[in-house]
Amino acid sequence: MKAALLQLTSSDDPAGNLEMVRAMLREAKARGAEFALTPEVTNCVSNSRSHQRVVLHHEGDDPMLAALRDEARALGLWLLIGSLALKTDDADGRFANRSFLIDPDGGIRARYDKIHMFDVNVTETETFRESAGFRPGDQAVLARTPLGKIGLTICYDLRFGHLHRALAHAGADILTVPAAFSPVTGAAHWDPLLRARAIETGCWVLAPAQTGQHEVSQGKPRKTYGHSLVVAPWGEVVLDAGTEPGIYIADIDMDQVARARARVPALTHDRPFRGPA
């Protein structure tokens with residue numbers, strides 16, 4: 001299987017981002033991709049809640065979701081929309097950070113709301129309070145497809161190994177980790193965390209990322225780390241996209257899942273334990 005990771009520098013203009021992604025999907029298909037993946041917040045990178053309230057939509061009337069479903073159908077392509085920022089009907093007005101797996105008929109095969117919120121103080125000047133604008137999900141999601149069994153996660157979920165192990169125990173052989181990682185935490189933790197998730201589960205890990213300086217019309221500008229990665233089940237990095245936007249294609253050999261798990265069958269060695277006291 002050829003998987004195409006779309007490394008983007010999305011702005012806070014969903015319409016402009018849509019045209020960029022549609023063009024990249026067509027090129028990915030022309031280059032032989034069977035599965036294409038976009039990063040977290042493909043539709044809008046913004047720290048301005050007021051701007052988001054103006055440009056975001058509910059799932060049922062989101063233009064990017066509808067257009068990318070049509071594009072997947074036209075191209076006959078499996079597509080992971082890494083995530084879209086979407087309005088909800090929550091009383092507190094918070095948004096959803098939602099990933100969609102689209103099949104080649106344009107159907108929504110799975111949807112996943114990011115569980116873990118990025119509420120951190122990266123540096124004295126770089127702080128994030130994702131939970132102030134987005135409400136967390138509470139449901140792990142596994143999609144059974146002809147490509148393989150795909151476990152969906154998003155960005156900060158990467159730091160919670162128990163989620164990925166639960167997905168692997170449920171049958172996942174591919175883990176998707178679309179992201180918009182901070183340059184500071186990315187340089188320190190992105191590569192080792194992705195490799196660890198692959199090694200401990202024996203899964204392929206596909207991690208499309210946002211990169212670079214994001215243009216915004218309102219609010220504080222944002223930078224992201226890039227380095228979309230594909231990690232094999234034994235832990236080898238088989239693709240590192242660096243920091244340039246573009247389409248990055250990797251060959252995914254699903255037989256490597258069984259081989260890695262046969263060599264170190266850690267998923268069969270879980271044991272109950274007591275404590276700590």
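A nonpolar core is a set of buried Ala, Val, Leu, Ile, Met, Phe, Trp, Tyr and Cys residues joined through side-chain atoms within 4.5 Å. In this predicted model, the largest such core holds 50 residues, and the members that touch the most others are F35, L101, W190, L194, L206 and V230.

**Overall form and surface**
- Taken along the principal axes, the box filled by the C-alpha atoms of the chain is roughly 50 × 50 × 35 Å.
- When contacts between residues at least 6 apart in sequence are considered, 69% of them join residues at least 24 apart.
- The side chains include 31 positive and 34 negative ones, and the centres of these two sets lie 5 Å apart.

**Nonpolar cores**
- In soluble globular proteins, nonpolar side chains tend to be buried together.
- W190, a member of the largest core, has contacts beyond its neighbours within four places in sequence, and among these partners are L158, V177, F181, Y225 and H227.
- A second, separate core has 24 residues, including L18, M24, L68 and I247.

**The loop that holds S217**
- S217 sits in the loop between β12 (211-214) and β13 (222-225), and this residue is exposed because its relative accessible area of 54% is over the 50% cut-off.
- Apart from its neighbours within four places in sequence, S217 is in contact with D12 and H51.
- Although S217 and S48 are 169 residues apart along the chain, their C-alpha atoms are separated by 9.3 Å.

**Backbone features to look at**
- Most residues other than glycine have a negative phi, and most peptide bonds are trans.
- C155, in the loop between β9 (148-152) and α5 (161-169), has a positive phi near 45°, and with a relative accessibility of 8% C155 counts as buried.
- H227, in the loop between β13 and β14 (229-231), also has a positive phi, near 55°, and counts as buried at 19% relative accessibility.
- G275 and P276 are joined by a cis peptide bond with omega of about 5°, and P276 lies in the segment after α7 (255-263).

Definitions and conventions. Residues are numbered from 1 along each chain as its sequence is written. This is a predicted model: local features need pLDDT of at least 70, side-chain atom pairs count only at pLDDT 80 or more; totals for chains, interfaces and linings use all residues. Side-chain values use heavy atoms; hydrogens and water are left out. Contact means heavy atoms within 4.5 Å. Lys and Arg count as positive and Asp and Glu as negative; His and the chain ends are not counted. The place of a charge is taken as NZ of Lys, CZ of Arg, CG of Asp or CD of Glu. Buried means under 20% relative accessible area, exposed over 50%, partly exposed in between (1.4 Å probe, protein chains only). Helices (H or I, at least four residues) and strands (E, at least two) are DSSP runs, numbered from the N terminus.
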